[in-house]
Amino acid sequence: MRALHAVGRAALIAVPVLLISTFITFGLGALSDQNPAAAAMGETATQADIDRLNHEFGLDRPFLERYVTWIADAFTGNLGRSWFTHIPVAESIGQRLPVSLSIAALALLLAVVLGAAAGIGAALNAGGWFDRAVTAVCAALSTIPAFVAGIALIVVFAVLVPVFPAGGYVPPSQGVGPWLTYLILPAVALSLDSAADLARQLRTGLVGTLRENYVTGAVVRGLGPRRVVFGHALRNGAGPAVAVLGLHVPRLIGGAVITETVFAMPGLGQLATTGALQGDVPVVQGTLLVAIALVLVSSVLVNVALARLRPGSGRTV
Amino acid sequence: MTAALEADGVEVWLGRRAKSRILDGVGLTARSGEIVGLIGETGSGKTTLARAIVGLAPLHAGTVRVDGTPVSGLRGAELRRFRRTGRVQYVFQDPLRSLDPDVTVLDSVAEGPAIRGDGRAADRRARAVAALEQVGLDPALGDRLPGRLSGGQRQRVTIARALAVDPRVLLLDEPVSALDAANRNHVLRVLDRLRREREVAIVMISHDLGSLAGIADRIVVLYRGRVVEEGPAARVLLEPEDPYTQRLIASVPSIDGPRPTYARSTR
């Protein structure tokens, strides 16, 4: 019931956010002074070409009418056609989305596993050498941008010790092993900042919770250390960490743009970058719309997770 | 009455030097069915003594025995095994912080039997319901989260949780200090019934000398980590011998001038 309530509340916020952000996205595209003829033909485009293609892509209609048509079409899966290649944008996104989602999902998994292990370990040894080491490493990792981490990982694991490829992508249909081999370095590069932040938040939350009387009481009743942490402390101490993780999901999706460029991966980020460089407004608008939708969906999921994790707190992000 | 709890020569040091000593050779005995009041100013070592008894504060010296069995030397898995018997239960001072905010009342109370591995889940719930009824709480409250209970109800839940594992020794840290008069009397009646009907040895840490006067058999006075006086409750409260105890009792606030007297009620 609380989870349903959380979904409802998050969805109520998500709808206006979606409309406002898509309006801004569409508006920026319209203000960019780009047109399909310039995108396709460059300086050789005549005024007749410009008028013809503007009419073909509906750009001679009023702005609001175009926005309403665009957003209505988007709900049916139609994001228009590329001005440059004339390929449907939805089709291009459909081909590249799995790449970006794979990187983001693996980065998220790594961030959760590494961050949780480091955070829990540091909290259980608060004040000890492991805690101090985790704090120092997290502080260092937080200052390293994903593209620097990516380049460093390529130098170390693809050049000096060539165990992973320096770039490219293999779909899972060609084998899970090769697929993971190509994903691991970009995912690690993308996850370091999130893992560090998660570890710090979890450590702080858990140290406070482990001092609570209900945790000490569980110890006095004979509960083992593992059940104390996972049965009582983690659920109550993980709230801020989950909320922070919710804020990191959009960064993981957005960060894929840089990581895909560094690792030459044919993902959503690369599509958006190429689209922007070519002045291909429908491609940029389409990828941004999908990115916005992903961020909103992840926000709803985080709220559900928080509602399930801590029913007594009513906390959401 | 046999001694359910015997603490002898208990020393607790905060650091490695002798001047960090916060308990200095403290002895405390509680027999089955006896209520011992532990009094002293803030920082005198009352809570540390209770924590030392349940193994939360390491002993520098001394022993703690429960039903004649030494428990102060237990460590790790051995200590956990002893704790799971539920023979010694500790009720913390702040009932709100003593209950997991995201665990329902019934699940909290049933946790002790669950840790011990008593019966099936249904049996443990039945036991939890019985414990709630023992402290005068409606079992219908069992589905609530602690945040939706009053302070008095929470305090009784923490006592019910301790009772659910049939303790031999119950350590209560300021169990009535945050309660209004009606709730305080209710909790005191519950404790009185426990010692009479189940012969539980109760150690009650309290600043509320009025409550102790009404219920305690013996009073132990702690001052700067040492026992300065102990004896029958009426004697200690009415005719204190140690100057510190005299000052402590004289410091009880009074509205109309004369110092209140503490006469232990007949049971």
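The dialogue below explains how to read some features of this predicted model.

Q: How are residues and chains labelled, and which residues count for local features?
A: Residues are numbered from 1 along each chain as its sequence is written, while chains are lettered from A, and ligands numbered from 1, in the order in which they are written. As the model is predicted, local features need pLDDT of at least 70 and side-chain atom pairs count only at pLDDT 80 or more, whereas totals for chains, interfaces and linings use all residues.

Q: How many residues of chain A are in contact with chain B?
A: Two residues are in contact if their C-beta atoms, placed from the backbone, lie within 7 Å. Here 16 residues of chain A are in contact with 19 residues of chain B. On that side of chain A, α9(A) gives the most, with five residues; helices (H or I, at least four residues) are DSSP runs, numbered from the N terminus.

Q: What share of chain B is buried?
A: A residue is buried if 20 or more other C-beta atoms, placed from the backbone, lie within 10 Å of its own. In chain B, 46% of the 267 residues count as buried.

Q: Which residues does B:I202 touch?
A: Leaving aside residues up to four places away in sequence, B:I202 touches B:A30, B:I35, B:L170, B:L172, B:L191, B:L194 and B:R195.

Methods. Helices (H or I, at least four residues) and strands (E, at least two) are DSSP runs, numbered from the N terminus. A residue is buried if 20 or more other C-beta atoms lie within 10 Å of its own, exposed if 12 or fewer, and partly exposed in between; C-beta atoms are placed from the backbone.
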